[in-house]
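Student: Please take a close look at a single strand in this model, and then at the aromatic rings and the other sheet. I would like one connected account.

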Amino acid sequence: MLDMPRAKDDADVFFMRQALELAKKGEGRVAPNPPVGCVLVKSGVVAGKGWHDRLGALHAEAMALRDAGSLARGATVYVTLSPCASHGRQPPCADALIAAQVARVIAAVDDPNPQNASGLEKLRQAGIPAVSGLLRAEAEYLARGFFKKQLRHLPYLTLKYAMTLDGKIASIAGDSRWISGEESRELVHDLRSRSDAILIGSGTALADNPRLTVRDPVWSSRGGSKRHIQPRRVIVDSRGRTPPGAALFNSNPPGGETSVAVTDQADPARLAALAAAGARILRFSSPDGRVPLYQLIKQLGEDGANHILCEGGGELAAGLLAAGLIDEIWAFITPKLIGGREAPGPVGGAGIALMGDAAAFVIRECRPMGGDWLIRAAPA
C-alpha cells in the first residue's frame with residue numbers, strides 16, 4: 001500500500017465515499033464477483049459514475065468510463081477495488097483505463113484475486129499514477145464475502161436473531177411474532193437483499209413456516225425485481241422433515257431457489273416429494289445423522305454465494321458456532337421480558353460448563369433501532 005498525497009486528502013475521501021455508496025447497489029446481485037463502485041472526477045467535478053450491477057454486466061470502471069465519455073481523458077479515477085488485469089466475463093478494466101488516458105487512479109483496496117493483483121502495476125507501467133489504501137477498511141467490509149472466499153475459500157456468514165431482554169427468541173409456546181419492532185424487521189429485509197443465501201434449520205422451518213423473501217418497501221428502494229433477485233433459501237434438514245407445502249416453496253412474491261440440505265439417512269420418499277415441490281436437494285454423507293455444516297457452507301460458496309445470512313434456530317446457530325463458521329452477529333434486542341425455563345434462546349446445543357470456555361466476541365456497533373437495540377459483534 002502506498003501513501004496518499006496529503007494535499008488532496010479531503011477531496012479524495014469525499015469522492016471515494018461516493019464510490020463506496022455506488023458499490024452498495026451491487027450487493028446481493030453480483031456474486032461470486034465483489035460489489036465495486038467507481039467515480040471519475042475532472043476539475044473537481046464528477047464526470048462519470050459506475051458500479052458492477054449484475055454478474056456478466058459491465059464492471060464499475062467500464063460503466064463510469066461510458067458515463068463520462070470524452071471527459072474521462074485526464075480524469076482521476078476513484079474505485080473501491082483495484083482494477084482487474086485479467087479477461088473474465090468482461091475485458092480487463094486496467095486496459096480500459098489506459099486506453100481512456102485517465103490521469104491517475106486511486107483504489108480503496110487491492111484485489112485479493114491473484115489473477116488481478118497486477119492491475120495497479122499495469123497502470124503504473126503505462127505512466128498512470130496508481131495507489132491504493134484510501135478507506136481500505138470500509139471497502140474490505142463492503143466486499144467481505146469476496147475477500148473471505150479468496151483468502152479462506154469460504155463465504156462470509158452472518159448470524160441474525162432477535163431476542164428479549166431476558167435472552168429469549170420465543171415464548172414457551174413457540175410464539176415469536178413479533179419480538180422485534182417494525183424498524184428492526186425492515187433492516188433485516190435490507191440485510192436479506194444484500195445477501196446471496198439465507199440459511200435456517202428445519203426446526204425454524206417447521207415452527208415459523210417462513211418465506212424468507214425480501215419484501216417492500218426495502219425491495220422497491222433497492223430497485224425492485226427488475227434489478228434484484230431474491231436470495232437463495234437453504235434449509236438444514238437432516239431427515240427431510242420440511243413439508244412440500246411449506247411457504248418456502250410457495251412464496252408470494254416468488255423467492256429464489258430453495259435448497260434442502262439432508263443426510264444420506266433421509267427418507268427417499270420425502271426427498272422425492274420435496275424435489276417435486278421445486279427444492280434442490282443437497283445430500284451429504286454423515287455418520288452422526290447431522291448435516292456437516294462446514295461442508296455445506298463450503299458447497300454454498302462453490303455454488304457462488306459470497307455472503308450467507310443465518311436466521312436460526314438455536315441448534316443450527318450452536319453448530320455453526322462450534323464449527324467456527326460465524327463471522328458476525330446481528331442481535332436485535334427488544335425491551336420485553338417473557339420468562340419461562342423452557343423458552344428458547346438464540347444459541348442452543350449442549351452449552352459450556354465454564355465461562356472461560358465461552359466464545360468471545362467484540363462489539364463493533366451498538367445503536368437504537370426504533371424501540372429496539374442492534375448490537376453487531378465479531379469474533380475476538
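Tutor: A residue counts as buried when its relative accessible area is under 20%. Keep that cut-off in mind for strand 6. The model is a predicted one.

Start with the side chains of strand 6. Tyr156, Thr158, Lys160, Ala162 and Thr164 point one way from the strand. Leu157, Leu159, Tyr161 and Met163 point the other way. Every residue in both sets is buried. Strand 6 spans residues 156-164, and nine of its nine residues are buried.

Now the partners. Strands of a sheet pair through backbone hydrogen bonds, either parallel or antiparallel. Strand 6 pairs with strand 11 (residues 307-310) in the parallel sense, over four bridges. There, Leu159 has Cys310 as its bridge partner. Strand 6 also pairs with strand 12 (residues 328-334), again in the parallel sense, over seven bridges. In strand 12, Ala331 is the bridge partner of Tyr161.

The charged end of Arg144 sits over the ring of Tyr156, 5.3 Å from its centre.

Next, the aromatic pairs. A pair of aromatic rings is described by the distance of the centres and the angle of the planes. The structure holds three such pairs. The rings of Phe14 and Phe15 have centres 5.2 Å apart and planes at 75°, so this pair is edge-to-face. Phe15 also pairs with Tyr78, at 5.5 Å centre to centre and 35° between the planes, and that pair is tilted. Phe15 lies in helix 1 (residues 9-23) and Tyr78 in strand 3 (residues 76-79), so the pair ties together parts that are 63 residues apart in sequence. Both Phe15 and Tyr78 are buried. For Phe15 the relative accessible area is 8%. Phe14, Phe15 and Tyr78 form one aromatic cluster.

Five strands form an open sheet in the order 2-1-3-4-5, with mixed pairing. Strand 2 (45-51) and strand 5 (130-132) stand at the edges with a single partner strand each, so one side of each is left without a neighbour in the sheet. Neighbouring strands are turned by 15° against each other on average, direction ignored. Strand 1 (residues 37-42) pairs with strand 2 in the antiparallel sense over six bridges. Lys42 has Val45 of strand 2 as its bridge partner. Helix 2 (residues 60-68) packs on this sheet and touches strand 1, strand 2 and strand 3. The direction of helix 2 makes about 140° with that of strand 2.

Last, a tyrosine in a helix. Tyr294 belongs to helix 11 (residues 293-302). Tyr294 is partly exposed, with a relative accessible area of 42%. Beyond its neighbours within four places in sequence, Tyr294 is in contact with Leu154 and Leu325. The C-alpha atoms of Tyr294 and Phe14 are separated by 40 Å, and the two residues are 280 residues apart along the chain.

Notes
Residues are numbered from 1 along each chain as its sequence is written. This is a predicted model: local features need pLDDT of at least 70, side-chain atom pairs count only at pLDDT 80 or more; totals for chains, interfaces and linings use all residues. Side-chain values use heavy atoms; hydrogens and water are left out. Helices (H or I, at least four residues) and strands (E, at least two) are DSSP runs, numbered from the N terminus. Buried means under 20% relative accessible area, exposed over 50%, partly exposed in between (1.4 Å probe, protein chains only). Contact means heavy atoms within 4.5 Å. Rings of Phe, Tyr and Trp (its six-membered ring) pair if their centres lie within 6.5 Å; planes under 30 degrees apart count as stacked, over 60 as edge-to-face and the rest as tilted. A charge sits over a ring if NZ of Lys or CZ of Arg is within 6 Å of the ring centre and within 35 degrees of the ring normal. Two strands pair if DSSP finds at least two bridges between them. Axes are lines fitted to C-alpha atoms, for helices over the stretch in contact, and angles run from 0 to 180 degrees between N-to-C directions.
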